[in-house]
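Please look at how two protein chains meet in the model shown here, and then work through the questions that follow.

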Amino acid sequence: MFNKIYKYRWQYLMILPGVVLLFLFSYIPMAGIQVAFKDFQIGTSIWDSTWAGLDNFTFLEDPQFLTVVQNTLYISVLKFICGFPAPILLALLINEVTRPAFKRFVQSVSYLPHFFSWIVVAYILQSFLTLDGGLVNQFIGQAGGEPVFFLGSAEWFRPIVIFSGLWKETGWNTILYLAAITTIDPQLYESAKVEGAGKLAQIRHITIPGILPTISIVLILSIPSLITVGMDQIYPLMNSANHSVADVLDTYILRNGLQQGYFGMATAVGLLSSLISLILVVSTNQLSRKLNGEGLW
Amino acid sequence: MKASRGEKIAEYIIIILLSLLCVSVLYPFLYMLAISLNDGADAAKGGVYLWPRSFTLINYEIVLGNETIRHSYLITVGRTIIGTVGGLLVTLLVAFGLSYRGLPLRSMILSYILLTMLFSGGLVPFYIQLNNLGLINTFWVYILPGLFSVWNMFVMLKFIQGIPEALIESAELDGAGPVRILWQIIVPLSKPMLAALGLFTAVGHWNDWFAGAFFVTKQNLIPVQTFLQQLLAAQDLSAVLGSNNNQEALARSSQLQNITLMSIKMSVVMVSALPILCVYPFLQKYFVKGVLLGSVKG
């Protein structure tokens, strides 16, 4: 045994940094979850803090917490309903283009927004939607309408989040589908044409069945993300006017934990959301095993 | 086979739709560029849509002349280079080490790594740990926590396992040790993969504003994206003009009257976005490959 380990000493040495980094930045924070059950102050040791029972879980009775959960689910479900079919549709459209140069151009351009941060997206939104001088309000003004304060209103918040999410990621998410389409046997299309099937019939009976496995994998993989809404996207757009609909689990944890110092309570909220996503991931894996015959790992 | 009339029309409709999509992606950048190159007070009157009406470079002079912005750029470039090179190195080493199927305890180490993908301590315990390690308010808070990417490691591992074993075995017969095999066989063969993973890591570093906003309070440590995030909610120009290092710009107060918050914002955001717009066309062939390899189950 020791001889064998010695034989692989270089390999162990190579793996070691990764193991240490995970220990420091993943495993110790996992042990730090005990803060959820303790009376912890920053600057003191977690291990020396006194146990507080379930005192940190009183947020469960906080009506604001219920709103936060509702906001999270509302946005993530809406994002899923719009964001899941959009790339499939776009990939089908791109696939119908017969001019290769134009096709490549559309692909390059549609992938582009993925590479910009949500902060840059927030600036774009500001330049278009701001009250004084925003492009959209300029047009509304020219048409004789009253300017709309898009970025400072609760009712416009969700449409803005959904739309900017679509703008940023739809093109990027077509990559998998377009790759799946290229693996479809061209002879299928040829024989369909011989039998007189039109374009729409070909899409329905050949292309869509061809990418169905990819669709089901993407569907399964997106289930665990249903309870998280990217803080990256939400935080830059949040302000006091839209707070009532914009506050989601991640921003709630951030505000109470890092900004106001309720470490125990914020850890407890985080623990709850980690547990739910763990359950979702594991059950998704079971589901995938049942449907596809193999799990995700 | 002739295309029917209906199909011809359908193709034109598709081309129009996709062209509109391209316009919707590209136009915002063109618009922001036009505003940033236009006199601020003039732009505020409206009507600047595609190109500047009253051309000026004053916005860029102010932005590039600002010490805070220049410094934040330095931080961003520094963390992008160090974080990407270091991250690729650690990821490559771990993946290579784990690619030896005969390695004792291999499956245990793999489970140890996989578990961190399924469950995490959450933001607050992570922050407490950064604090305990003394990383809060240091440059290394940008580098160390993300140095080992589990996801990239599994993609890399899968790629290495696809390299024919005969190549490695014959090198071993020639007396090459693992280190030589790594540098002389694995690295040259994985260049496209390393390029793709490096690209994603670099973009992640370039775009990250979160660490700068919450793990750092010293203004001289914030990256460009965090500066942008702070400026996003600014009500006046004090963030850009307030410090005393803009004497030169302030001296030209006649021009300064025409500066608006919006025109400054647009030039800062263009300055942060331009590098990505410039390198994007050259890196395209790499990232599609990276996504496809990453999507296959590891």
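A polar contact is a pair of N or O atoms within 3.5 Å, where within protein one must be able to donate a hydrogen and the other to accept it, and residues adjacent in sequence count only if both atoms are side-chain atoms. This is a predicted model, in which local features need pLDDT of at least 70 and side-chain atom pairs count only at pLDDT 80 or more, while totals for chains, interfaces and linings use all residues. Side-chain values use heavy atoms, with hydrogens and water left out.

Q: How many residue pairs are in polar contact across the interface of chain A and chain B?
A: Salt bridges (a side-chain nitrogen of Lys or Arg within 4 Å of a carboxyl oxygen of Asp or Glu) number zero between chain A and chain B. For polar contacts, with both residues at pLDDT 80 or more, the rule finds a count of 18 residue pairs.

Q: What share of the area buried between chain A and chain B do carbon and sulfur atoms give?
A: Buried area is the accessible area (1.4 Å probe) that two parts lose on being put together, summed over both. Between chain A and chain B this area is about 8300 Å², and in chain A the residues A:Met14, A:Phe115 and A:Tyr123 lose the most to chain B, together 10% of what that side buries. The share from carbon and sulfur atoms is 79%.

Q: Over residues 262-282 of chain A, how far apart are the end C-alpha atoms?
A: An unreviewed UniProt entry lists these residues of chain A among those for "transmembrane region", an annotation that may be inferred rather than shown by experiment. Helices (H or I, at least four residues) and strands (E, at least two) are DSSP runs, numbered from the N terminus. Over residues 262-282 of chain A the chain is 95% helix and 0% strand, with an end-to-end C-alpha distance of 30 Å.

Definitions and conventions: Residues are numbered from 1 along each chain as its sequence is written. Chains are lettered from A and ligands numbered from 1 in the order in which they are written.
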